[in-house]
Amino acid sequence: MARGLTFTAVGLTVLIALVLVPLTCCATTAMANLNCTASSCGNIHNICYPFQLKTDPENCGFPWYELSCENNRTVLYSFGGKYYVQEISYNNYTIRIVDSAMQKNNYLSTPNYSLYRYNFTSEYSSEYTTYQRKGTVPERYPELSRSLVWMSCEKPVNSPLYLDTSTCNYNDNSSSISDSKRYRYVTLGITDASLVEDSCQVEKMFLTSWPMNNDDPNISCKDIHNELVYGFELSWLRGICDTYCGIGNYYCYLDDANHVQCDDVTGGIIIPCNKNCLGDLLCRGLFDI
């Protein structure tokens, strides 16, 4: 077959869409399913496949990536809680969300919902991960989020990693330990039980993706608030692997250019579908070469 593009009726329609629709993340989506257009709610203007609003046609996204629009805020109900969507990235397959109880200008606000990393294991969630599938070595997958841990201690702790929450004037009535004689702290990034002081125990855990200054181990009340208000990132690549790689293949990952690669467990490599518009169309068979 000659090199170049052979247009079908569908291919011609898609090409017209390529010219008329701005080349955003959603343009590829609109062409993959010509009956769907991007949705908008509040400051999130690029809600498209695999995400969809409840009011969108059912075939425009996946049910497990369904979002709501409430009071002009994009909402994700998942993990037993309500979260506001801060950002959706179709370039690196991530979504950033924040606990709905957090208020930017209210330094007394605290999250309603406690989240642990096990909430995102395959047993509990097959749609999101706290790490990014980057490359072929799972042990080197970069983490997108880290933990903020609420601690309750029998004795005072003298460590720059432990912030005394009494200095923040938190009014956290959801504490699982009501003993007023205990000391309460917040720690950042401690997930290993061996790093917890002997007199302390974990009350709750939250996630954050706020950029961290590794040169300064001290944390302040303002730091904690900013981290919780910023929210945390999750990858949604795992939930759409079969879209790119075929039914039953869940071993997709991103290369250095953030293109999806499909590692076939049978020993072969499936041709990848990239987020480049033409590459995606070729993979989906809308054009012949």
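These legends walk through a few close-ups of a predicted model. Residues are numbered from 1 along each chain as its sequence is written. In this predicted model, local features need pLDDT of at least 70 and side-chain atom pairs count only at pLDDT 80 or more, while totals for chains, interfaces and linings use all residues; side-chain values use heavy atoms, with hydrogens and water left out.

**View 1. An open sheet of six strands.** The strands line up as β3-β4-β5-β6-β7-β12, with mixed pairing. Strands here are DSSP runs of E, at least two residues long, and helices are runs of H or I, at least four, numbered from the N terminus. Two strands pair if DSSP finds at least two bridges between them. At the edges sit β3 (52–53) and β12 (232–235), each pairing on one side only.

**View 2. Zooming in on β4 and β5.** Strands β4 (residues 66–70) and β5 (residues 73–78) run antiparallel and are joined by three bridges. Look for Cys-69: its bridge partner in β5 is Thr-74.

**View 3. Phe-79 meets Tyr-83.** Their ring centres are 6.2 Å apart and their planes are at 70°, so this pair is edge-to-face. (Rings of Phe, Tyr and Trp, using its six-membered ring, pair if their centres lie within 6.5 Å; planes under 30 degrees apart are stacked, over 60 edge-to-face, the rest tilted.) Tyr-83 counts as buried because its relative accessibility is 1%; buried means under 20% relative accessible area, exposed over 50%, partly exposed in between, using a 1.4 Å probe and protein chains only.

**View 4. Two stacked tyrosines.** Tyr-131 and Tyr-141 are 5.5 Å centre to centre, with 15° between the planes. Tyr-131 is partly exposed at 21%, whereas Tyr-141, at 17%, counts as buried.
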